[in-house]
Amino acid sequence: MQRKRLQNLIGSFEVFLLVFILIFIPLIVNFNFFRAYELPKIFIFRVCVSLLTIVVLLHHMFFLKTYQNTKKIKLNRESAIILIGIFLIIIWLTITTLLSDNIITSIWGNYDKRFGLLTIMNLIFFGLLSFDILQRNLQKFLFLFSVCIPVFILINFKDSYEQLFLGTLDLNLTEGRVVGTFGQSNFLAGYVLLMMPFLLYFLYSIKSKLFKTYIVMNIVVSIILVWWSGSRMGQIILIFLLIYSLALFIKHYFTQPILKKFALAISIILGIMVILIVFTTSSRFQAFGLLDDTRRNIWKASLQAISDSPLIGYGLDVGGYILPAYMYQSGVNVPISLDRAHNEFLDISLNTGLIGLVFVSCFALYLYYKFLTLFKGMEAKKKILFIVLLSTILIFWVRSMVNVNGIMHYVFYVFVSAFIALEISKQNVQTIELKIGNKYFNTFCKFLIVFSFGIFSVYNFIVSFNAVKADILFNNYFYKTRAVNDIEQTVNYAPNQIIYRLELLNAYLANDISFEIREVLPARFLEQNRYWARYYADVGAYYESRGDLEKAGEYYKKAIKFEPINKSYNEKLDNIIQN
């Protein structure tokens, strides 16, 4: 009895952690978010994945029978193919990372996004953990998720209202658009839209009229949030989502065919009218149309970069170096903090090459195709859940055609993909008997698995925790103190972030502190970052301070090569030539 109670307690804690990641991590705000608004969410997500991994391992250690010489495993062909697909994607990500011109950034990620191999491995782990938890506790999860989604919506509405009407945010920095708890308006709109199909599902599946009213209120609030965000693609997706929901409602509640056809026709006409009103009255549509020139220039630079390294790409999270270099070479001004192509397919190709794009596309298409084949045999309630999951996936990919995704969009996408994989795994299940040796060998294997995953979890936790401390120190240095000690400690906590090291180099130069370049930028950094103008300019400044004008000139020329319109770099080179 106590064993069963403990098992339920651990299961409930797993569900709580899963809901916490999906609902409450998006509410974490960095007050200096205009520089790195994603960092708190990324760090807390990685810490939670570490904790969730340990909890799931404990559950499997104590409550699964693994001392049999023959173990029965439930598996079908589709599940095996999905696991092989995940394994191949991990292998290719590792290969592109090792072959990257910038291995350090490819592993650890760039400063403000951290989408290196470490974060992507956390996303993959999160998907596997979500699959395992949903398999055992689906109903618990759906109940807690239904209760917590409105909390996320209402807190973002409160923050957005204060930003828009009470002046808690300088809207000049966001083009007059609210950002909620995301620091970026398109991120806010995107995550709210990913939540909306689940709100509609709970509206359909929950019987309580009071709770239905509460859900309807949250749907209205969600619509307002997307509108306030000013996201053009978000507004278009919202309109189609509402029309589609209305059509499903009509199909379900109208029994007479003529009434059903009439109601559908009216809803389509109203939908077209709403779309025309949005296009003609929205200031952002009037100013930019559906696509602005900035995105077109970014896509052009992305395609040029991909054509120069088509098969393996440039490595993970190096867009912040690659894209500005190609845009500057074309004589185009670069937007602030450009590090993504604003198109998911271009980003995948840029980071992992066309081979990586083929792997990811085939895996995703196989998953959705197999899921679609299950639709006919489903009962009505299951079909609604099916539509919700597929709608969420569709929303993710449609907005990904013109928008950047944040960490929480990827987290939610991975979670929904795990949900879909779970439904696929339930079909045509075959039981496989697997010989796993005697009691002692079995115990050793169990210990080895737990030890390996445990080491990863602890290491991931320590790295993420140190990254949080480094970011706090860096913000303190950058915005307040300018104390050399703060930036030195920052580098100690996060030694693989090039931006911290360059700030340390500049701090030493500004304070006339004697140092060797290898102390601040070890060989592994000097050999990398081949597309980043600032890196070459800062190293050039070091050699100029040492009186080595010839070497300083070489580095300034490299900086100008990647950012030719930067007046400061050209002036520094001119001064050296004159001397």
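# Helices, salt bridges and buried residues

Visitor: In which helix do E162 and K158 both lie?
Guide: The two residues sit four apart, about one turn of the helix. The model is predicted, and in this model the helix spans residues 117-165. The helix that holds both E162 and K158 is α6.

Visitor: How far apart are N and O where the side chains of E162 and K158 meet?
Guide: E162 is partly exposed, with a relative accessible area of 23%. K158 is also partly exposed, at 45%. Their side chains meet in a salt bridge, for which a nitrogen and a carboxyl oxygen must lie within 4 Å. From N to O, the separation is 3.4 Å.

Visitor: Is D159, which meets K158 in a salt bridge, buried or exposed?
Guide: The side chains of D159 and K158 meet with N and O 3.5 Å apart. The cut-off for buried is under 20% relative accessible area. D159 has 17%, so D159 is buried.

Visitor: Which residue forms a salt bridge with R340?
Guide: R340 lies in the loop between α13 and α14, while its partner lies in the loop between α12 and α13, so the pair ties together parts that are 23 residues apart in sequence. Both residues of the pair are buried. The closest N and O atoms are 3.1 Å apart, and the partner is D317.

Visitor: At roughly what angle do the axes of α14 and α16 cross?
Guide: Two packed helices are described by the angle between their axes and the distance between the axes. Helix α14 covers residues 344-373 and helix α16 covers residues 407-425, and their axes come within 9 Å. The crossing is left-handed. The angle is roughly 30°.

Visitor: How many residues of the contact of α14 with α16 are nonpolar?
Guide: On the α14 side the contact includes A364, L367 and F371, and on the α16 side it includes Y410, I420 and I424. Charged residues take part too, among them E344 and K370 of α14 and E423 of α16. The contact divides into three charged, one polar and, for the nonpolar group, nine.

Visitor: What is the relative accessible area of T181?
Guide: T181 is found in the loop between α6 and α7. Leaving aside residues up to four places away in sequence, T181 touches several others, including P26, L27, K41, I155 and D159. T181 is buried, with a relative accessible area of 2%.

Visitor: How far apart in space are N575 and G553, C-alpha to C-alpha?
Guide: N575 lies in helix α24, residues 567-578. N575 is partly exposed, with a relative accessible area of 41%. In sequence N575 and G553 are 22 residues apart, and in space, C-alpha to C-alpha, they are 9.6 Å apart.

Visitor: Among contacts between residues at least 6 apart in sequence, what percentage join residues at least 24 apart?
Guide: The protein chain has 24 helices and two strands. Buried residues make up 52% of its 579 residues. Among the contacts asked about, the share joining residues at least 24 apart is 74%.

Conventions
Residues numbered from 1 in each chain as written. Predicted model: local features only at pLDDT ≥ 70, side-chain atom pairs only at ≥ 80, totals over all residues. Heavy atoms only, no water. Axes fitted to C-alpha atoms, helices over the stretch in contact; angles between N-to-C directions. Left-handed = near helix turned anticlockwise from the far one by under 90°. Contact = heavy atoms within 4.5 Å. Buried < 20%, exposed > 50% of the residue type's maximum accessible area, 1.4 Å probe, protein only.
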